[in-house]
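Subject: Structure handover

Hello,

I am passing the structure over to you, with my notes after it. Please read the notes with the structure open.

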Amino acid sequence: MQTTGRPVISATGLFTPEDSITNEELVASFNTYAERYNAAHAAEIAAGEVAALEPSSVEFIEKASGIKARHVMAKAPVLDPAIMSPRWPRRANDEPSMMAEIGVAAARDALERAGRDVADVDAVLCAASNMERPYPAMAIEIQQALGIEGFGFDMNVACSSATFGIQTAADYIRAGNARSVLVVSPEITSGHLNWRDRDSHFIFGDVATAVLVEDAALAPRAHWDILGTRLKTVFSNNIRNNFGFLNRADPETADTADKLFVQEGRKVFKEVVPMVAQMIVDEAGRLGIDPQALRRLWLHQANAGMNRLIAQRVLGHEASEDESPTVLDTYGNTSSAGSIIAFHLHSQDLAPGDTGLICSFGAGYSAGTVFVRKAG
Ligand code: CO8
């Protein structure tokens with residue numbers, strides 16, 4: 001087949017865990033934990049040696065973030081005030097790992113929607129904020145489970161992993177090194193969320209997404225042309241996780257809270273909003289697209305207030321739900337999968353010729369833009 005070197009999105013896929021936790025359930029669990037902690041440390045608290053834990057609140061969470069619920073892979077242990085962490089039996093090496101299992105489910109969904117035979121897929125990228133193990137790569141396990149030949153590798157750019165994966169896949173297509181690439185983002189964020197931290201316990205949810213990036217010559221009739229991709233990183237400690245393979249070199253601190261997600265949420269909000277809005281406007285200019293004429297923005301799903309401000313700066317007016325759909329209300333922040341879920345659930349109704357933007361931003365800092373146009 002004669003290839004074009006023009007990358008398109010042929011289809012997307014989604015896996016959503018059955019279990020969901022409402023803010024009410026989450027806050028009840030946290031507050032029970034806090035009461036128990038305060039009772040157990042009453043003497044130290046009275047002596048001023050230990051700070052009492054403050055209760056969480058449903059009203060605060062909804063107002064500060066827009067999040068009302070989140071899906072998780074293991075609800076009961078996360079909500080158990082004595083555990084507050086996911087729990088599941090360890091899997092043997094010859095069993096599918098958790099990330100591969102949900103990644104495969106999302107990938108199969110995308111392949112089916114595209115009507116794609118796995119024999120035509122050349123590569124699998126597992127693009128996510130955490131990997132279950134360093135090696136063998138999650139991507140290679142997913143590749144094997146799907147029966148794909150070619151190659152696979154893992155990449156981690158935190159919340160921007162999926163858009164960085166899409167540009168990487170698009171570059172393979174542009175260079176003629178692949179004709180069909182699966183970008184899979186299994187995000188089991190519940191494993192690195194500190195459910196005992198009032199400031200962040202409400203933020204994240206679990207999910208998996210997949211994006212099939214292909215040469216236009218191979219793509220199904222219904223697809224999205226990729227008009228341009230752009231990536232940006234700026235170092236910041238405001239979102240940080242010190243978990244890593246060298247933790248065992250200092251056993252005393254190997255399990256401290258900084259080995260989970262930690263952030264300065266206010267600073268992130270203030271610094272990332274202008275950076276991303278400017279990046280979108282600049283990239284639209286480079287592509288000759290009027291940002292105010294964009295039909296829809298599928299933005300990273302971290303915070304409803306951030307999205308409101310970014311959309312307003314890009315579109316020049318307050319965006320409607322139709323122009324900038326929200327999924328974080330029921331999914332929470334699903335890291336790199338957020339903008340892909342928004343695209344997956346809210347793109348069918350657009351007409352051929354409509355132009356939109358998939359955009360991610362988060363830890364690193366990192367940000368990625370993928371401008372797309374519906375083909376037809
Ligand atoms: N209930 C009640 N009160 C609370 C709670 C709570 N749960 N939490 C905090 N408060 C209190 C605070 O203590 C504070 O009290 P005081 O004023 O007395 O100090 C007050 O409420 C206000 O707190 P904040 O200033 O922190 O509140 P904000 O309005 O800034 O809202 C947010 C906090 C929601 C975190 C907000 O700042 C935000 O969303 N910022 C953007 C964050 C963001 O986008 N981060 C992206 C990170 S995700 C990413 O990059 C992926 C990383 C990889 C994922 C790994 C998986 C885990």
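The notes below cover the sheet, then the helices, then a few single residues.

This is a predicted model, in which local features need pLDDT of at least 70 and side-chain atom pairs count only at pLDDT 80 or more, while totals for chains, interfaces and linings use all residues. Residues are numbered from 1 along each chain as its sequence is written, and side-chain values use heavy atoms, with hydrogens and water left out.

The sheet

Helices (H or I, at least four residues) and strands (E, at least two) are DSSP runs, numbered from the N terminus. Two strands are taken to pair if DSSP finds at least two bridges between them. An open sheet is formed by 9 strands with mixed pairing, in the order β5-β4-β6-β7-β1-β8-β13-β12-β11. At the edges stand β5 (151-155) and β11 (296-299), each with a single partner strand, so one side of each has no neighbour in the sheet. From one strand to the next the twist averages 25°. For this and the other angles, axes are lines fitted to C-alpha atoms, for helices over the stretch in contact, and angles run from 0 to 180 degrees between N-to-C directions.

Strand β1 (residues 7-15) pairs with β7 (residues 207-215) in the antiparallel sense, over 8 bridges. In that pairing, Gly13 stands opposite Ala210 in β7. Of the 9 residues of β1, 8 are buried (buried is under 20% relative accessible area, exposed over 50%, partly exposed in between, with a 1.4 Å probe and protein chains only).

Strands β12 (residues 355-362) and β13 (residues 366-374) are antiparallel as well, paired over 8 bridges. Here Gly356 has Val372 in β13 as its bridge partner.

Helices on the sheet

Helix α11 packs on the sheet, where it touches β1, β7, β8, β11, β12 and β13, and its direction makes about 95° with that of β1. Contact here and below means heavy atoms within 4.5 Å. Helix α11 (residues 338-345) is largely enclosed by the rest of the structure, because 7 of its 8 residues are buried. The buried ones are Gly338, Ser339, Ile340, Ile341, Ala342, Phe343 and His344.

Helix α9 (residues 304-315) lies across β11 and β12 and runs at about 145° to β11.

Helix pairs

The axes of α8 (residues 265-287) and α9 come within 9 Å and cross at roughly 30°. That makes the two helices roughly parallel (angles under 35 degrees count as roughly parallel, over 145 as roughly antiparallel, 65 to 115 as roughly perpendicular and the rest as oblique). The crossing of α8 and α9 is right-handed; a crossing is right-handed if the near helix is turned clockwise from the far one by less than a right angle, and left-handed if anticlockwise. On the α8 side the contact includes Val268, Phe269, Val272 and Ile280, and on the α9 side Met306, Leu309, Ile310 and Arg313 are among the residues met. The residues of this contact divide into 12 nonpolar, 1 polar and 1 charged (Ala, Val, Leu, Ile, Met, Phe, Trp, Tyr, Cys and Pro count as nonpolar, Asp, Glu, Lys and Arg as charged, and the others, Gly among them, as polar).

The axes of α1 (residues 23-40) and α3 (residues 58-65) also come within 9 Å, and they cross at roughly 125°. These helices are therefore oblique to each other, and their crossing is right-handed. In the contact, Asn23, Glu24 and Val27 of α1 meet Val58, Ile61 and Glu62 of α3, which divide into 3 nonpolar, 1 polar and 2 charged.

Single residues

Ser335 is in the loop between α10 (328-331) and α11. Its relative accessible area is 3%, so Ser335 is buried. Leaving out residues up to four places away in sequence, Ser335 touches Ser129, Ala158, Cys159, Glu187, Thr189 and His300.

Glu187 is in strand β6 (residues 180-187) and is buried at 1% relative accessibility. Its C-alpha atom is separated by 6.1 Å from that of Ala128, 59 residues apart along the chain.

Phe164, in helix α7 (residues 161-175), is buried at 12% relative accessibility. Phe164 and Thr369 are 205 residues apart in sequence, with 8.7 Å between their C-alpha atoms. Among the residues that Phe164 touches, not counting those up to four places away in sequence, are Met155, Val157, Leu231 and Ser366.

Regards
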